[in-house]
Amino acid sequence: MLSVALVLFLLSLSGGQALVFPSQCADDAALRSCTSELNVAILFQGWDYMDLLLRTFTAVFYQARFAEMERAHNITCNLYFFWDSREGGDVQDGKLESLHIDVAFGPGGVGSWNTPPGYGEKIRQFVLRGGGFLGACGDAYLGTMGAINVPEDYDDILYRLFGFQGMTPPLEMVNVYFDAGPFAQHFEPRYTQNNFYVLLFLLTFFVSQAQVRFAPQGLPFAEAYANKTVSIMESGVPMVEAPPDHDASHPSFYPIATFAGVRSLYDASLFENKYAIVTGPYGEGKVVLSAVHPEISMGNRDAHRIFAEMILWLSA
C-alpha cells in the first residue's frame, strides 16, 4: 500500500587555470550545433531498490526533459533505458558501445555505492574512449575519488537500509570526494530497508530545494547563470575537493556550482559552500557530477535548461 501511495504522489507531481576538454565547443551557440542527434542511456540497477520503486515514474520526467531539448535545440534524442542486475545486463553486455551511446546518465539512487564486478569498469572505458557520463545524486559517487565523513557503523546502516554491506570503490574520474556526512548523520541503524521512514524520506525529495550558486567558468555549459543563484530539487549530498593529485588520470576540474542554502531533511549547515555540480575531462570524454536534480525540478525552466546543457556539454 505504501508503494501505491508513493506512485500516486509522484504521478501528481509530474504536471583559475583553463582545462583542455576533448571536442570543446566555443560558446552556447556552438554547443547547440555540435550535434544533430544524441543517443542517451539512462542507467537503472536491479540491486537498487530506489530504481525498482521509482524508475517507471521518474522516466516520465526524463522523457519530458529530452522532448524539451529536442524542441529547444533542434536535435533528435534517442533514449535507451538500460537495466542491469548483479548477474549481467545492458552496461555489462557492452551496449554503451554497441548502441553508440553518447551520454550515460546515472539518475540517482544508491546502486552506484555497491556495484558488481566489471560494471563500473565498463563505464570508465566508455568515458575514456570519448563518452560522457552524468552522475546525479547518489550516482555522482561513481565518478568521485571516494567518500568522506563515513562513520564506523556505516556498513551496518547501508545493510539495514539498502540490503548491501559496504561501498565498492568509485571510478576516480573527477578529483572530488563524496561527502557522506549529511546522509550518515540523518539515518540511524534502527531504520530498516523499505520501512515507512525511508519511503517518507524519498517523498520529501520532491519538495526539497537547494539554492545553487553558479560560478563563471567560461564554458558553454550553464554560463548564462554565472554569478546567479538557481533553486533546484535537492536530494544528494555535497562534494568537496580532494587533495591535489598531479596524476594525469585524475585531472583538475571545474566547480560549476556550490550550495548557497538547502531546505530539506538534511542539516543545511553541512552543505554550505560545498560543491553542487562539477565537471571535468577524463580520457577522451567528459564527466558531470551533480548533487541536485535539475531534470526533476518541476516547472523550473532554469533547472531544465541547465540539465539540457549538461547533456549537450557531455555529448559535444
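A residue is called buried when its relative accessible area is under 20%, exposed when it is over 50%, and partly exposed in between, with a 1.4 Å probe and protein chains only. By this definition Pro-182 is buried, because its relative accessible area is 1%. The structure is a predicted model, in which local features need pLDDT of at least 70 and side-chain atom pairs count only at pLDDT 80 or more, while totals for chains, interfaces and linings use all residues. Residues are numbered from 1 along each chain as its sequence is written, and side-chain values use heavy atoms, with hydrogens and water left out.

The protein chain has 316 residues, of which 56% count as buried. Its secondary structure comprises 9 helices and 14 strands; helices (H or I, at least four residues) and strands (E, at least two) are DSSP runs, numbered from the N terminus. The accessible surface comes to about 12,700 Å², and 51% of it belongs to carbon and sulfur atoms (Shrake-Rupley method, 1.4 Å probe; for residues, only the protein chains shown count as cover).

The interior may be considered next. In soluble globular proteins, nonpolar side chains tend to be buried together. A nonpolar core is here a set of buried Ala, Val, Leu, Ile, Met, Phe, Trp, Tyr and Cys residues joined through side-chain atoms within 4.5 Å. The largest such core has 62 residues, and those with the most contacts inside it are Trp-113, Phe-162, Phe-214 and Ile-277. Helix 9 (residues 301-315) provides the largest share of this core, with 9 residues. Another core, of 26 residues, lies apart from it and includes Leu-43, Trp-47, Leu-96 and Ala-104.

Contact means heavy atoms within 4.5 Å. Leaving aside neighbours within four places in sequence, Trp-113 is in contact with residues including Tyr-141, Leu-158, Phe-162, Met-167 and Phe-183.

Leu-43 also belongs to the lining of the second largest cavity, together with Gln-45, Gly-106, Ser-112, Tyr-119, Ile-123, Phe-133, Asp-139 and Leu-142. Strand 1 (37-45) and helix 5 (119-128) are the elements that give two or more residues to this lining. A cavity is a set of points, on a 1 Å grid over the protein atoms alone, where a 1.4 Å probe fits but cannot get out, and lining residues have an atom within 4 Å of a point. The lining divides into 5 nonpolar, 3 polar and 1 charged residues; Ala, Val, Leu, Ile, Met, Phe, Trp, Tyr, Cys and Pro count as nonpolar, Asp, Glu, Lys and Arg as charged, and the others, Gly among them, as polar.

Pro-182 is placed in helix 7 (residues 181-186). Beyond its neighbours within four places in sequence, Pro-182 is in contact with Val-237, Pro-238, Tyr-266, Leu-270 and Phe-271. Its C-alpha atom is separated by 9.1 Å from that of Gly-236, 54 residues apart along the chain. Ile-296 lies in the loop between strand 14 (292-293) and helix 9, and is buried, with a relative accessible area of 3%. Leaving aside neighbours within four places in sequence, Ile-296 is in contact with Thr-58, Phe-61, Tyr-62, Phe-206 and Met-233.

The backbone also deserves attention. Most residues other than glycine have a negative phi. His-100, however, has a positive phi of about 55°. His-100 lies in the loop between helix 4 (95-98) and strand 4 (103-106) and is exposed, with a relative accessible area of 59%. For Glu-172, phi is likewise positive, near 55°. Glu-172 is found in the loop between helix 6 (154-162) and strand 7 (176-179), and is partly exposed at 30% relative accessible area.

Key. 1 Å grid on protein atoms, 1.4 Å probe; cavity = no way out; pocket = protein on both sides within 12 Å on 5 of 7 lines; lining within 4 Å.
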